[in-house]
Amino acid sequence: MLNQFQCTAAEFNAAAYNDADSIVLFLCKECAAAIDKLELPEAAAKAAMAYTAQHDDIYDAGSVTTLVMPQGEKLLTLLIAGCGEGKDCKPNNFRKAAGAAARALHKAKAQKAVLAAPIMLNAERSKNLQALVEGLYLGAYTFNRFKSEAKQAPLCEATVLSAVPEAAAIINAAEISAEAVCYARDLVNNPGNVVTPQTMADDALKLGQELPLEITIMDETLMEARGMHALLAVGQGSHNPSCLVALRYNGNGYAPYTAFVGKGITFDSGGISIKPDDNMGEMKDDMTGAGAVLGAMRAIARLGLKCNVIGVLACAENMPDGKAQRPGDIVRAANGKTIEVVSTDAEGRMVLADAVWYACQMGAKKVIDIATLTGAVIIALGNETSGIVANDDELVEQIKLAGRMAGENYWQLPSLPECKEAIKSDVADLLNSAGRAGGCITGGLFIGEFVDKDIPWAHLDIGGTSTATKTEGFKVKGGTAFGTMTLIKLAGML
């Protein structure tokens with residue numbers, strides 16, 4: 001059970017609708033002609049066919065039309081969830097439609113629902129099935145931990161009809177993946193006085209007790225011994241100590257490891273280069289990268305995926321006080337390179353500098369870091385697409401494919417030699433900020449300077465996608481945990 005839904009698999013048959021108080025039809029425009037093949041109750045079938053015959057504006061992905069009709073002595077709620085038309089009828093539209101349908105079912109106080117789609121009559125539509133279930137769980141997500149009188153929808157038992165082989169296993173995997181995203185969303189949505197670097201370490205330790213994950217936690221003393229002064233500099237103005245957390249999952253013997261490295265700034269005031277007070281409270285989400293990695297590792301281990309993955313969380317709180325780093329300071333990172341601190345608000349790349357280096361020391365043969373790194377990525381790509389800066393095009397294509405499977409969009413930005421020149425310092429090896437021009441690219445390239453030579457690396461900038469300003473489809477207003485699902489899908493491809 002997740003978010004007051006419990007999904008089970010069943011084949012198409014008339015008996016599956018017995019006792020249902022709600023039916024959800026997932027329809028693309030072309031599929032509407034096959035409604036009569038779903039073995040719906042007679043009243044529901046007639047209503048659906050009559051309504052679709054008269055309305056051709058109900059198929060936008062995420063739109064939900066509600067019809068209510070008598071069913072014996074009770075009422076039956078029939079929801080028509082749009083999944084697009086033509087080439088737009090793809091798995092991610094089923095994810096969006098299911099997210100909207102989940103909220104409509106909760107609003108109707110549904111307790112027994114049947115989910116049916118003509119496309120699921122095709123035994124080869126496993127991707128649609130998985131996306132639908134993921135969307136249902138994700139769209140039903142709520143964060144009400146701090147509500148004094150939180151209201152909860154009744155538990156809804158949802159039967160998902162399909163001809164897909166091993167549908168039960170697919171639904172179970174979808175629930176595990178969606179639960180991991182919701183777990184990460186909870187971390188992101190909690191305020192900075194609740195989630196601190198120590199909280200991230202404690203959560204990792206708990207996962208290590210429950211799942212086949214080897215946990216390593218480095219406190220400030222251990223990081224000092226390893227020369228991790230870039231990470232330490234960021235957190236030295238906070239009374240909450242910094243830490244670096246590593247989770248190792250071995251699901252494939254002696255196969256090479258891939259590292260997922262997440263920025264874990266549990267609150268970002270900007271430090272001495274302090275941010276304006278407008279919307280500063282949103283900076284509780286600056287640990288979304290680390291939250292995504294932690295959620296992904298949770299799902300990877302629960303799913304028992306055949307891969308070897310290291311998760312690294314670079315955790316600190318960026319605060320100003322008498323001990324805080326200053327603009328103009330020069331610090332030496334663990335790999336020996338020196339960094340001139342231009343802005344204390346360019347802190348994410350500094351914690352990641354030591355973290356990606358440490359991932360290489362742990363034996364990673366590929367490194368992917370994920371971070372709410374820049375506002376520049378929003379200017380470049382908006383709020384629906386994350387940026388990629390990388391040194392390996394094949395790895396980029398893998399990430400983009402995993403993103404499409406997850407319903408998360410990515411776009412590769414050019415790694416130009418001129419951008420590397422921009423981060424060179426006159427008094428140190430590197431600048432931690434090269435200014436506004438190409439800021440998303442230069443921020444990523446800075447991190448790449450700390451990855452061992454010849455190791456494929458990609459940086460994911462989720463600065464524009466980590467938070468949703470409205471509830472829509474499978475996204476719920478607040479922290480999205482963007483990237484969690486991508487990393488899970490990517491792990492399944494390794």
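View 1. Helices (H or I, at least four residues) and strands (E, at least two) are DSSP runs, numbered from the N terminus, and two strands pair if DSSP finds at least two bridges between them. Look for Q71, which stands opposite K74 in β4.

A word on the model itself: being predicted, it has local features called only at pLDDT of at least 70 and side-chain atom pairs counted only at pLDDT 80 or more, while totals for chains, interfaces and linings use all residues. Residues are numbered from 1 along each chain as its sequence is written, and side-chain values use heavy atoms, with hydrogens and water left out.

View 2. Angles here run from 0 to 180 degrees between N-to-C directions, with axes being lines fitted to C-alpha atoms, for helices over the stretch in contact.

**View 3. Helix α14 against α4.** Helix α4 (residues 167-189) and α14 pack at an angle of about 140 degrees, their axes 9 Å apart. The contact (heavy atoms within 4.5 Å) is made by S177, A178, A180, V181 and A184 of α4 with T484, M485 and I488 of α14. Sorted by class, that contact has six nonpolar, two polar and no charged residues; Ala, Val, Leu, Ile, Met, Phe, Trp, Tyr, Cys and Pro count as nonpolar, Asp, Glu, Lys and Arg as charged, and the others, Gly among them, as polar.

**View 4. Helix α14 against α8.** Helix α8 (residues 288-303) packs with helix α14 (residues 484-491) at about 40 degrees, with the axes 8 Å apart. On the α8 side the contact uses A292, V293, G295, A296, A299, I300 and L303, and on the α14 side T484, L487, I488 and A491. The class count for α8 with α14 is nine nonpolar, two polar and no charged residues.

**View 5. Strand β8 between its partners.** Six of the eight residues of strand β8 (residues 243-250) are buried, so β8 is largely enclosed by the rest of the structure; buried means under 20% relative accessible area, exposed over 50%, partly exposed in between (1.4 Å probe, protein chains only). Five bridges join β8 to strand β7 (residues 214-218), running antiparallel, and I215 has L247 of β8 as its bridge partner. With strand β10 (residues 308-318), β8 pairs in the antiparallel sense over eight bridges. There, R248 stands opposite I310 in β10.

**View 6. The three-stranded sheet.** This open sheet has the order β11-β12-β16, with mixed pairing. Both β11 (330-332) and β16 (430-431) stand at the edges with a single partner strand each, so one side of each is left without a neighbour in the sheet. Strand β12 (residues 338-340) pairs with β16 in the parallel sense over two bridges, and I339 has L430 as its bridge partner in β16.

**View 7. Cysteines without a bond.** Counting a disulfide as a pair of cysteine sulfur atoms within 2.5 Å, the total is zero. The sulfur of C7 has its closest cysteine sulfur in C156, 8.1 Å away, too far for a bond. C7 counts as buried at 6% relative accessibility, and C31 is buried with a relative accessible area of 14%.
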